[in-house]
Amino acid sequence: LRSRISLAISAGGPESHPENFRIFFHVLSKDHCLPDLIWNQETRRELRIALEAELQSIHRVMEARGGRDKIAWNHHQFTVAYSSLGD
């Protein structure tokens with residue numbers, strides 16, 4: 001997998017983006033349990049819930065503005081509370 005990621009990065013250009021996303025979502029869908037990374041069904045669920053809540057908030061803001069204005073998502077302020085990792 002590491003060599004495929006390196007190959008996708010070195011290819012450059014816009015045509016490499018679909019491969020990057022394919023690899024990203026493939027890795028995201030797998031479980032990982034490393035000393036510095038715990039990623040499993042529960043953490044994926046917590047991320048999905050946080051992203052869905054964020055999307056609902058964005059839709060509410062857009063509806064409040066009448067859908068006329070484009071808005072920008074401040075991803076720097078987006079956080080996910082992974083309560084399952086507190087154990």
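Q: How many helices and strands does the protein chain have, and in what order do the elements run?
A: This is a predicted model, where local features need pLDDT of at least 70, side-chain atom pairs count only at pLDDT 80 or more, and totals for chains, interfaces and linings use all residues. Residues are numbered from 1 along each chain as its sequence is written, and side-chain values use heavy atoms, with hydrogens and water left out. Helices (H or I, at least four residues) and strands (E, at least two) are DSSP runs, numbered from the N terminus. There are 3 helices and 2 strands, and from the N terminus on the order is α-α-β-β-α.

Q: What is the distance between the end C-alpha atoms of helix α3, and what should its residues span?
A: Helix α3 covers residues 41-64, which is 24 residues. The expected span is 1.5 Å times one less than the number of residues, so α3 should span 34 Å. That agrees with the model, where the end C-alpha atoms are 35 Å apart.

Q: Which residue caps the N-terminal end of α3?
A: Look at the backbone nitrogen of Glu-42: a side-chain oxygen lies 3.0 Å from it. That's a polar contact (N or O atoms within 3.5 Å; within protein, one must be able to donate a hydrogen and the other to accept it, and residues adjacent in sequence count only if both atoms are side-chain atoms). The oxygen belongs to Asn-40.

Q: Which residue with a positive phi follows α3?
A: After α3 comes a residue whose phi is near 75°. The residue is Gly-66.

Q: What do the buried residues of α3 pack against?
A: Buried means under 20% relative accessible area, exposed over 50%, and partly exposed in between (1.4 Å probe, protein chains only). In α3 the buried residues are Thr-43, Glu-46, Leu-47, Ala-50 and Ile-58. They pack against β2 (37-39).

Q: What share of the contacts with a separation of 6 or more comes from residues 24 or more positions apart?
A: A contact here means heavy atoms within 4.5 Å. Buried residues make up 11% of the 87 residues in the protein chain. As for those contacts, residues 24 or more positions apart account for 39%.

Q: What is the N to O distance between Arg-48 and Glu-52?
A: Arg-48 and Glu-52 are 4 residues apart in helix α3, about one helical turn. Arg-48 is partly exposed at 42% relative accessible area, and Glu-52 is partly exposed at 39%. Their side chains meet in a salt bridge at 3.9 Å.

Terms used. Salt bridge = Lys/Arg side-chain N within 4 Å of Asp/Glu carboxyl O.
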